[in-house]
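Dear colleague,

Please find the structure below, followed by a short account of what was found in it.

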Amino acid sequence: MQDTAKPATKVLIVDDHPVVLSGCRTLFASDHSIRIDEASDAKSGHRAYISKRPDVTVIDISLPDLSGFELMRRIRKDDPDAKIIMFSMNDDPAFVVRAVELGAQGYVSKGDDPRILLKAVRRVVAGDNFISPQLAEAVTFSGAAIKANPASQMTPRELEILRLLGRGNKIVEVAAALGISYKTVANTTSLLKQKLGAKNHSDLIRIAVEIGMN
C-alpha cells in the first residue's frame, strides 16, 4: 500500500529570546505535522531560510543585529513567495499595517494566547492571511492614528537605519551593519530628518527612541 502521508510543515522561528524559543518548541511539539528550525538573529535566520526553505517563517521584529522588517525584506528578495508571520511584543497597529504592506501574511503579538501562533501558522500554510483578533480590531479602529504614525510611512531600509541610529550607532557603523555605503546612510538620514521634522542628528535619535525604533 502506497504511503500517502503528507510531509511535515517546516517552520523557521527567528527570535533571540531563549524563553520564546523554548515556548515555541513546547507549543509545536503537540503537532507532529509541524517541524521547527530556529535562528537567534537576522543573519543566521537568513542563512537558515536559504538552506531550509521553510513553509512558514516566524520573525521577531526586534532582533539583535537587524530588524525583523529588514530580514523579511532580504528573504522576500530571494523568494517573493515566502510566507512570513511577524511575532512581536510591539502591538502598535502601525507596525501591524507596515508588516502587511511589506508582505507579511501574518502578525501575532507575544502577549496573545500561545495557541494563536499555532493557528496563525496553520492558516498561513493554507494560503490565508492571519492577524490575531485583538490586533485586527485595533487596526480597524485606528486608521487615522496609523496614518499619523511616522513608522507606517517609512520604507524597510529607512526603518532599519532609524532603528540602528536609535540604538546609538554612528553612520559608519550603520553602513557596515547593513552592508551599504556611508553615503547611502548619510543621504537616508537627511531624508529621515525631513520626513520626521528632526532639527539635527540628536533630535532624530530622540524621535527614534520615542516611537520605539531602538
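Helices (H or I, at least four residues) and strands (E, at least two) are DSSP runs, numbered from the N terminus. This is a predicted model, in which local features need pLDDT of at least 70 and side-chain atom pairs count only at pLDDT 80 or more, while totals for chains, interfaces and linings use all residues. Residues are numbered from 1 along each chain as its sequence is written, and side-chain values use heavy atoms, with hydrogens and water left out.

Overall, the protein chain has eleven helices and six strands. Of its 214 residues, 49% count as buried (under 20% relative accessible area, with exposed meaning over 50% and partly exposed in between; 1.4 Å probe, protein chains only). Contact means heavy atoms within 4.5 Å; among contacts between residues at least 6 apart in sequence, 65% join residues at least 24 apart.

Lys110 lies in the loop between strand E5 (106-109) and helix H5 (114-125). With a relative accessible area of 17%, Lys110 is buried. Its charged end sits over the ring of Phe87, 5.7 Å from the ring centre; the rule requires NZ of Lys or CZ of Arg within 6 Å of the ring centre and within 35 degrees of the ring normal. Leaving aside neighbours within four places in sequence, Lys110 contacts Asp15, His17, Val20, Asp60, Phe87, Ser88 and Met89.

Helix H8 (residues 156-166) packs against helix H10 (residues 182-196) at an angle of about 90°, with the axes 10 Å apart. Axes are lines fitted to C-alpha atoms, for helices over the stretch in contact, and angles run from 0 to 180 degrees between N-to-C directions. H8 and H10 are therefore roughly perpendicular to each other (65 to 115 degrees; under 35 counts as roughly parallel, over 145 as roughly antiparallel and the rest as oblique). H8 contributes Glu158, Ile161, Leu162 and Leu165 to the contact, and H10 contributes Val185, Thr188, Thr189, Leu192, Lys195 and Leu196. By class, this contact has six nonpolar, two polar and two charged residues (Ala, Val, Leu, Ile, Met, Phe, Trp, Tyr, Cys and Pro count as nonpolar, Asp, Glu, Lys and Arg as charged, and the others, Gly among them, as polar).

Val185 belongs to helix H10 and is buried, with a relative accessible area of 0%. Not counting residues up to four places away in sequence, Val185 touches Ile161, Ile171, Val174, Ala175 and Ile180. The C-alpha atoms of Val185 and Lys170 are 10.0 Å apart, with the two residues 15 apart along the chain.

Yours sincerely
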